[in-house]
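Good morning, colleagues. Please have the sequence and the coordinates open, as I shall go through a few selected places.

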Amino acid sequence: MRASVLVVDDERVFRVMAEEALAREGFVVRTAATLTKARAELSRATPDVVILDRRLPDGDGIELLSSLRQDGGAAPLVIVVTAYGDVENAVTALRAGATDYLTKPLQITDLVVKLDRALEARGLRERLALEKTRKARPPLSEGKSHAERALRERLASVALSPLTPVLLVGPSGAGKQCAAETLHGLTYTDDPDAPFVEINCAALPAELVESELFGHEKGAFTDARAKRRGLVEMAHRGTLFLDEVTELPERSQAKLLKFLDTMRFRRVGGEREMEVELRIAAATNQDIARLAEEGRFRADLYHRLGVFTIEVPPLAARREDIPELARGFVRFFSSRVKKRLSGITPGALERLLAYDYPGNVRELRNIIERAVILARGVELTEADVVLPRGSPAESSGASAFFSVELDADGAPPTSELVEQEYVRRVLEHFGGRRMQAAQALGISYPTFLRRLRELGLD
């Protein structure tokens, strides 16, 4: 994708030289000789970089620089160039928000170097922001099941074709995003800085989808107070992950199809067409083929996204992976809450293996996160693993956790007696720490204290 540059200078010779030199380097260049013309160019389309003279016929370039920063949002980078090169001018420009400062006479090659460094710095900041988001999630684990091995083989195959769209299908929580991240890592083994950009199509209002994907120019719509780079631009030479792609509005489906065919787009409200190189990885838990047949999803977009379709199996189909996944989640969450947990006891692991996980990997993750918070020892124990009520594993675990004796005549205990015994055992488990017991039971501390009094356990 070529960066755009606006050269604002009243010297025609400099404008022509800069335009020719930068165009040879692959930049899209526009020029302006006055502040008035520069503002007109900026209102038409915001460039990536402005090369700005200080002394112009109708004012000081610093005025334009200050107004760009006051607009907020993603302002262009600004390199100030002037023949009046002294320390005071340099300090004024930098304080006003200039990225760099050059004095005339100058070598055009120096200007090109400054441009490259400024653009690289902006790209690095974006990559660091994306990487910070990725590090907030648990790391991927190598599965041992046949289903997991087959999945990774398919991902490794398509990783050799970095521009081929990939459609990931499977039940909710099965790990489609993890599969997309694995694909990204396999594709860009030699480029750890390649961006992985994700968007949940179901979480966006219909009117904002195109702006999020393709960005917008200042003034493109009511709330567009500044230029904004879209996720497509940010994913250049990387992966754009479209989660819940079947939730895209029909209008946005048409725009996405056109983009997939050409890899070219315009920001909302923009006139300049831009080109990127990236892989689209889309995911859905719906029967997308049936939706296409019924006309509820564009059939042409389905076929374009489904060039290489990969099914991500539910966790129940790869139960051999549960121990390794669970250990990975324990390491991640124990680090997050600053606990030193060395692993999982055999009893806790057996309890985890006995559950069916209708919520798939996401549910396992949630169970482990809760267990790590509750854990008091150096390992997760069976008592730490709280499963949904009514599951066979939950019932067996509950009987191991506490018991209530039947009367001699076989009459069942009252619900109050069962609750009293259960709460007593929870308190014992937490060493009498009532705040932790209340959190484990999922009720507020005042409610827990009141119930303790009612049960005679205060």
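Let me begin with a question: is Cys 201 buried or exposed? With a relative accessibility of 5%, Cys 201 is buried, where buried denotes under 20% relative accessible area, exposed over 50%, and partly exposed in between, with a 1.4 Å probe and protein chains only. Cys 178, in contrast, is partly exposed, at 36%. The number of disulfides is 0, a disulfide being a pair of cysteine sulfur atoms within 2.5 Å.

A word on the source. This is a predicted model, in which local features need pLDDT of at least 70 and side-chain atom pairs count only at pLDDT 80 or more, while totals for chains, interfaces and linings use all residues. Residues are numbered from 1 along each chain as its sequence is written, and side-chain values use heavy atoms, with hydrogens and water left out.

Now the chain as a whole. The protein chain has 458 residues, of which 46% count as buried. It contains 19 helices and 16 strands; these are DSSP runs, H or I of at least four residues for helices and E of at least two for strands, numbered from the N terminus. Of the contacts in the protein chain with a separation of 6 or more, 69% are between residues 24 or more positions apart, contact meaning heavy atoms within 4.5 Å.

I turn to a helix pair. The axes of α6 and α7 (residues 176-187) are 9 Å apart and form an angle of about 45°; axes are lines fitted to C-alpha atoms, over the stretch in contact for helices, and angles run from 0 to 180 degrees between N-to-C directions. On the α6 side the contact involves Arg 152, Leu 155, Ala 156, Val 158 and Ala 159, and on the α7 side Ala 179, Thr 182, Leu 183, Leu 186 and Thr 187.

Thr 164 is buried, at 17% relative accessible area. Its side chain makes a polar contact of 2.4 Å with that of Ser 161; such a contact is a pair of N or O atoms within 3.5 Å, and within protein one must be able to donate a hydrogen and the other to accept it, residues adjacent in sequence counting only if both atoms are side-chain atoms. Beyond four places in sequence, Thr 164 contacts Val 158, Arg 279, Ile 280, Val 307 and Phe 308.

Finally, Leu 52 belongs to strand β3 (residues 49-53) and is buried at 1% relative accessibility.
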